[in-house]
Amino acid sequence: MAVGQVIRSHSNIYYVLIEGREFECRSRGRFRLEKQVVLAGDLVEVLIDGEEGRIDKVLPRRTVLERPAIANVDQAVILFTLREPEADYPFLDRVLIHVERAGVAPIILLNKIDLLEPAMVADFCHIYGEQVGYSVYPIGALDGLGLDVVRPLLAGKLSVLAGHSGVGKSRLVRSLEPSRQDVRVGELSEKLGRGKHTTRHVELIPIASGGLLADTPGFTYLEFHDLEKRDLAEYFPEFRRYATQCRFDDCIHNKEPDCAVRAAVAAGAIAERRYANYTGFLKEVEALKRW
Ligand SMILES: Nc1nc2c(ncn2[C@@H]2O[C@H](COP(=O)(O)OP(=O)(O)O)[C@@H](O)[C@H]2O)c(=O)[nH]1
Ligand SMILES: [Mg+2]
Ligand SMILES: [Zn+2]
């Protein structure tokens with residue numbers, strides 16, 4: 001019996017990576033009866049027979065991400081651009097909340113720095129790195145800029161790529177793993193199939209320098225289900241140190257008097273755009289509650 005990780009599946013065949021080798025596996029018949037789902041990223045016990053195998057057991061999942069459906073994701077690598085395509089800060093802040101709620105650690109890669117003035121890069125790193133406290137790395141996936149810093153962050157981990165269509169996710173995969181020129185760049189494949197019964201194809205790509213990468217459509221239409229208004233601020237880490245100084249203990253930093261978070265926004269210690277997204281999300285949470 002060996003333990004491996006499911007890296008993709010195709011009509012009841014699961015491709016399982018065991019010590020760097022790929023095995024074609026079927027799941028035990030009983031799984032289908034029990035409606036047990038095997039996800040990409042699942043750690044599984046496999047009975048090997050030559051090049052093939054049978055999945056006997058799915059090991060407990062550390063994390064489960066829905067949309068895209070992947071188990072045991074260690075981190076989300078969020079690609080963001082300021083040009084081509086233009087910055088979409090509400091989307092970035094939304095994805096950050098989504099991955100944090102799934103218990104997945106985010107890393108932000110500011111891509112296409114070849115198109116940016118250094119001051120724009122510095123400004124972005126200042127807000128999301130220093131003020132908010134995330135790990136932010138400026139890169140250029142096309143020319144391989146900054147990728148030597150990124151490689152060690154991926155080694156030994158299952159990372160899911162997130163970001164709008166066109167930000168360079170597929171280009172990054174190809175730059176990190178040149179053997180995968182079959183990964184299509186510059187295609188709007190992510191726009192296809194919404195609302196239809198097309199299965200979203202999930203594939204985990206092994207990177208020679210270590211780690212698995214999922215370049216998978218998803219992270220769209222993220223809503224704040226099961227989130228309380230008072231809990232939203234938890235996902236804005238830069239609010240924390242000010243929130244303790246608000247006049248009211250249950251301040252949600254919206255319209256309350258003597259709110260230290262709003263004062264910090266006015267003083268420039270919290271980015272206005274982050275705060276604007278926060279209040280926008282508050283309204284969404286409220287609207288969902290009315291249902
Ligand atoms: N200038 C520039 N273009 C890039 C960079 N990275 C990716 N691109 C281009 O951006 C376009 C979209 O890239 P792609 O990887 O398909 O984006 P995806 O939709 O996120 O997978 C392609 O034309 C890429 O060549 C970069 O660092 N600089
Ligand atoms: Mg792509
Ligand atoms: Zn407050």
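Reply: What follows goes from the whole chain to single residues.

Me: Before the details, what kind of model is this, and how are things numbered?
Reply: This is a predicted model, in which local features need pLDDT of at least 70 and side-chain atom pairs count only at pLDDT 80 or more, while totals for chains, interfaces and linings use all residues. Residues are numbered from 1 along each chain as its sequence is written, and chains are lettered from A and ligands numbered from 1 in the order in which they are written.

Me: How many helices and strands does the protein chain have?
Reply: The protein chain has 9 helices and 13 strands, where helices (H or I, at least four residues) and strands (E, at least two) are DSSP runs numbered from the N terminus.

Me: And what is its radius of gyration?
Reply: The protein chain has 21 Å, which agrees with a compact globule, because 291 residues would give a radius of gyration near 19 Å in that case. The radius is taken over C-alpha atoms, and the globule rule is 2.2 Å times the number of residues to the power 0.38. Along the principal axes, the C-alpha atoms fill a box of roughly 70 × 45 × 35 Å.

Me: What share of the residues is buried?
Reply: Buried residues make up 34% of the 291 residues; a residue is buried if 20 or more other C-beta atoms (placed from the backbone) lie within 10 Å of its own, exposed if 12 or fewer, and partly exposed in between.

Me: Let's go to the barrel. Which strands are in it?
Reply: The closed barrel of 5 strands runs E1-E2-E3-E5-E4, with mixed pairing. Neighbouring strands of this sheet are turned by 50° against each other on average, direction ignored. For such angles, axes are lines fitted to C-alpha atoms, for helices over the stretch in contact, and angles run from 0 to 180 degrees between N-to-C directions.

Me: How does E1 pair with E4?
Reply: Strand E1 (residues 2–10) and strand E4 (residues 43–49) run antiparallel and are joined by 4 bridges, and the bridge partner of Gly4 in E4 is Val44. Two strands count as paired if DSSP finds at least two bridges between them.

Me: And E2, what does that pair with?
Reply: E2 (residues 13–18) is joined to E1 by 5 bridges in an antiparallel arrangement, with Val6 standing opposite Val16 in E2. E2 also pairs with strand E3 (residues 21–27) in the antiparallel sense over 6 bridges, and there Tyr14 has Cys25 in E3 as its bridge partner.

Me: What happens at the turns between those strands?
Reply: The hairpin of E1 and E2 has 2 residues between the strands, and Ser11 takes a positive phi near 30° in it. In the hairpin of E2 and E3, which also has 2 residues between the strands, Glu19 takes a positive phi near 45°.

Me: Then which peptide bonds are cis?
Reply: The bond from Arg67 to Pro68 is cis, with omega near -5°, and Pro68 lies in the loop between strand E6 (64–65) and strand E7 (70–71). A cis peptide bond also joins Glu84 and Pro85, with omega about -5°; Pro85 is found in the loop between strand E8 (75–80) and helix H2 (89–101).

Me: What about Arg67 itself, and how exposed is it?
Reply: Arg67 has a phi near 50°, a positive value in a residue other than glycine, and it counts as partly exposed because it has 14 C-beta neighbours inside 10 Å.

Me: Switching topic, which residues come nearest to ligand 1?
Reply: Of the 17 residues around ligand 1, Leu142, Gly168, Lys169, Ser170 and Arg171 come nearest, and a residue is near a molecule or strand if its C-beta atom, placed from the backbone, lies within 6 Å of it.
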